[in-house]
Amino acid sequence: MADFTYEIEDIGLARQGLKRMDWVRERMPVLRGIKEDFTRTKPFDGLRIGICLHVEAKTGVWLEALTAGGAQIAITGSPGTAQDEVAAALVAEYGIQVFAKKSETYEQHLDYAARVLATGPNLVADNGADIHMLALTNPDFSTAKSKIIGATEETTTGGFRLREEVTGHVFPTIIINDSRTKRIIENRYGVGQSVVDGIMRCSNLLIGGRRTTVVGYGYCGQGIARTLRGLGAHITIVDIDPISRLEAHTEGYQTADLEQALPPSDFVITVTGRPNALNRDHLALLKDNAVLCNAGMFETEIDLPGLRELSVESNQIMPDIRQFKLENGKTVYLLGEANSINLSAGDGNPIEIMDLGLSLQCLSLAHIAMNSRSLPAGPQNVPVEIQNDVAVRTLRAWTRS
Ligand SMILES: NC(=O)c1ccc[n+]([C@@H]2O[C@H](COP(=O)([O-])OP(=O)(O)OC[C@H]3O[C@@H](n4cnc5c(N)ncnc54)[C@H](O)[C@@H]3O)[C@@H](O)[C@H]2O)c1
């Protein structure tokens, strides 16, 4: 067995982390049911799972189900999204190798992903494809690659990367985000609620009556716009896809190019899954006192080096608010350092939503553990039987009286 290494902020926070997990576990009935099944069937007996997913309480409850199924686990998260107390609980109470700190930088995050891969996982559960990129494109990890029998990838962005940037797939990867179950329920309703919650929590600003631009009208963008509209915001949608733009228009939103949308906007939210959705030239168009944030997977949706170049001064004025004084005389505010705002300034997607999303993860990982030899290598959708099973279990749990 590999050495039991870990890197977290403070192991002394474990009791707090357990309390957080108690609150969450009570509200995740689908995962609790799957944990009972896994306790009997042990689909991961003798297998190591290497994970990259936000290290927070809901993830912790998911890891309980995987360990009940016999897995040994190493996990890292994403910059700015770890709950340090949960990281401590997972190490101290569950013997899970955690490499995550709320304060971690992107460079540290990549180092942590490498350390998870170095534990020699047989299954990988990835978020943004960082572990995949190391395993599939970096020859230093060829031994680790040879041990992997299959993987899951959680996100839209990770799915793009695996399809567009990788050719040498040697194991199957189930893209959780490809499932209708996740896209419709989690991305639209879960992200829709939690992103707006994150903005409100860290800024304490009014949404009603404010001009707001949402850049990207996919599943997440639709959900965010829907919640903002419910609060009375005046919304403009920017999307490079003409059909998405038409859809937004038909739904009753203003649509525009960034050049028209940005100058009057009080809030600007990116959620495209693509780098540089807002580039340096766009950032120069922002209104004085505009508030900017990202809900997509990576902070690169906003050209942060460009924003720094445009600035004469940058100040951290509150925990999740950074002020930039621009050379054009305007001041703009960036929330959560452009990390996914629902996680960096809030608690991520609602608990019930992640009960569904992480149940898809559980059953997909078990499916790979049992069938890896018969599955084709490369990205593929969640089997429809698993999607339906999770939808049935969730609706049953949500409608139980
Ligand atoms: N914060 C969270 O909890 C969370 C949860 C799920 C997904 N995500 C992330 O949110 C992002 C969006 O996910 P999604 O499922 O909505 O994706 P999606 O593919 O459904 O939608 C993305 C939309 O952005 C548009 N787009 C792409 N590039 C653009 C650009 N440069 N300018 C304007 N529009 C552009 C596309 O045309 C598309 O309509 C991804 O990075 C995904 O990983 C975040």
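Q: Which element gives the most to the shell around the ligand?
A: Helix H10 does, with three residues. This is a predicted model.

Q: What other elements give two or more residues to that shell?
A: Helix H8 (156-164) and H9 do, along with helix H10 (219-230).

Q: How many residues surround the ligand, and which are the closest?
A: The ligand is surrounded by 28 residues. The closest are Gly216, Gly218, Cys220, Asp241 and Gly273.

Q: How do the shell residues divide into nonpolar, polar and charged?
A: There are 14 polar, 11 nonpolar and three charged residues in the shell around the ligand.

Q: Back to H9. What does H9 lie across?
A: Strand E10 (267-270), strand E11 (290-294), E13 and E14. The helix runs at about 120 degrees to E14.

Q: And which sheet order has those strands in it?
A: The order is E9-E8-E7-E10-E11-E14-E13-E12, an open sheet of eight strands with mixed pairing.

Q: Which are the edge strands?
A: Strand E9 (254-255) and strand E12 (311-318), each of which pairs on one side only.

Q: Take E10. In what sense does E10 pair with E7, parallel or antiparallel?
A: Parallel, over four bridges, with E7 covering residues 211-215. In that pairing, Val215 stands opposite Thr270 of E10.

Q: What about E10 and E11, parallel or antiparallel?
A: Parallel again, over four bridges. Thr270 has Asn294 as its bridge partner in E11.

Q: Which way do the E10 side chains point, and are they buried or exposed?
A: Phe267 and Ile269 point one way, Val268 and Thr270 the other way. All of them are buried.

Q: How many bridges join E13 to E14?
A: Five, between strand E13 (residues 321-326) and strand E14 (residues 331-335), and the two run antiparallel.

Q: Where is Cys202?
A: In helix H9, residues 180-203.

Q: Why does Cys202 count as buried?
A: Because Cys202 has 20 C-beta neighbours inside 10 Å, and the cut-off for buried is 20 or more.

Q: What does Cys202 touch, not counting residues up to four places away in sequence?
A: Asp320, Ile321, Leu335, Gly336 and Ala345.

Q: Changing topic: which residues touch the most other members of the largest nonpolar core?
A: Ile49, Ala87, Val98 and Val116, in a core of 70 residues. Helix H16 (residues 351-371) gives the most to this core, 11 residues.

Q: Which residues is Ile49 in contact with, leaving aside neighbours within four places in sequence?
A: Phe44, Leu66, Ala71, Ile73, Pro121, Leu123, Ala125 and Leu365.

Q: What lies apart from that core?
A: Another core, of 46 residues, with Val191, Val215, Ile224 and Val291 among them.

Q: What about Asp84, buried or exposed?
A: Buried, because 20 C-beta neighbours are inside 10 Å of Asp84. The residue is found in helix H4 (residues 84-94). Leaving out residues up to four places away in sequence, Asp84 touches Ile8, Glu9, Asp10, Leu13, Lys101 and Lys102.

Q: Last one: how many of the residues in H6 are buried?
A: Six of eight, in the helix spanning residues 130-137. The buried ones are Asp130, Ile131, His132, Leu134, Ala135 and Leu136.

Terms used. Residues are numbered from 1 along each chain as its sequence is written. This is a predicted model: local features need pLDDT of at least 70, side-chain atom pairs count only at pLDDT 80 or more; totals for chains, interfaces and linings use all residues. A nonpolar core is a set of buried Ala, Val, Leu, Ile, Met, Phe, Trp, Tyr and Cys residues joined through C-beta atoms within 7 Å. A residue is buried if 20 or more other C-beta atoms lie within 10 Å of its own, exposed if 12 or fewer, and partly exposed in between; C-beta atoms are placed from the backbone. Two residues are in contact if their C-beta atoms, placed from the backbone, lie within 7 Å. Two strands pair if DSSP finds at least two bridges between them. Axes are lines fitted to C-alpha atoms, for helices over the stretch in contact, and angles run from 0 to 180 degrees between N-to-C directions. A residue is near a molecule or strand if its C-beta atom, placed from the backbone, lies within 6 Å of it. Ala, Val, Leu, Ile, Met, Phe, Trp, Tyr, Cys and Pro count as nonpolar, Asp, Glu, Lys and Arg as charged, and the others, Gly among them, as polar.
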